[in-house]
Amino acid sequence: MLGSFINGIMQASRSWKIILLLLAANMLFSLPMAVLVFLFVMKSAGGTIFAQRLFADNLDAVWFSDVINDRIPGASLAGAGIDLLVMMCVMALVYLIANAFFAGGIIEVLASEDRGFTMKKFFSGCGHCFWRFFRLLLVATIFYGIAIGIFVLLLMRIDSADKLSTVERPGALKTLAAALLLLALMALVGAIQDYARIGAMLNDRRKMWREWFKSARFVFRRFLSAYSLYVLIAVAGLMVFGLIAWLRGGVNQNSSLNIFLAFLLGQLAIASRMWTRITFYAAEIDLYRKLSLSSATTEAASTERAEPGEATA
């Protein structure tokens, strides 16, 4: 498992062309929205102290309330909140679809013999596996929903127990335990999803429900290796992202140079997430191949030992 982890980090660190491509795609998606937000801020708060606060990544509640109530006719905070929620859901859906699309290209490159990146190879993998990966996304959504449902039920039971308790919120630790359980379940679903994509790609399988349960069996039969590898990469990725985000938060955006520096650190933080995603696939492909080869060797040895007995009988 540790060997696959190190191998995944090394491959991801060499895959800078994929990271730059994904970063460019992310910028193309987010730049128009960033420009619109910038122009809106300048139009509504230009020449005021709010503009400086907003450009320093601080959402000023007074400005937001003023914009909603006074500058947008017929708008309200409740209506704006609903519109914002809908927009966030749409953006999340687009992100998940894009993730499923690019996953095919990443796995195609990392699973090839030379592991060399070319645009043809990358986008060939994206298109070849998109529909299968999209169906896997729908399957994973069901299990993510089950995990969230378990968390909500636990919170309801904890809240009911709190109301009957005679001490100050004894359910705080239980709530923390429920949150940790949710993270563990989400990580489990994520690991199964990754290995289902890898299995579908490497073995050219097209029945995604069957592939999902094959992947689940693979993860549970090799739980210590497969699940531990996923959690280890997730923790390492969060640490790298957290460090860069902390450095960016320490930049006082009071000048054009500092704003540009904060922008570069922000892009580096986004690139670190893409590096983590590539590390996931590279390490998991390595572990999948090792464990599959080990299983095939064990089955072949068992068959060879059984054959002499059958011949004697």
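A nonpolar core is a set of buried Ala, Val, Leu, Ile, Met, Phe, Trp, Tyr and Cys residues joined through side-chain atoms within 4.5 Å, where buried means under 20% relative accessible area (1.4 Å probe, protein chains only). The model is predicted: local features need pLDDT of at least 70, side-chain atom pairs count only at pLDDT 80 or more, and totals for chains, interfaces and linings use all residues. Residues are numbered from 1 along each chain as its sequence is written, and side-chain values use heavy atoms, leaving out hydrogens and water.

**Exercise 1.** Describe the largest nonpolar core.

Solution. Step one: this core has 54 residues, and I106, F122, F133, Y195 and W212 have the most contacts inside it. Step two: the elements giving it two or more residues include α1, α5 (77–111) and α6 (119–164); helices here are DSSP runs (H or I, at least four residues) numbered from the N terminus. Step three: the most comes from α10, with 12 residues.

**Exercise 2.** Find what I106 touches, not counting residues up to four places away in sequence.

Solution. Contact means heavy atoms within 4.5 Å. On that basis I106 touches I18, L22, F122, I278 and Y281.

How values were computed. Buried means under 20% relative accessible area, exposed over 50%, partly exposed in between (1.4 Å probe, protein chains only).
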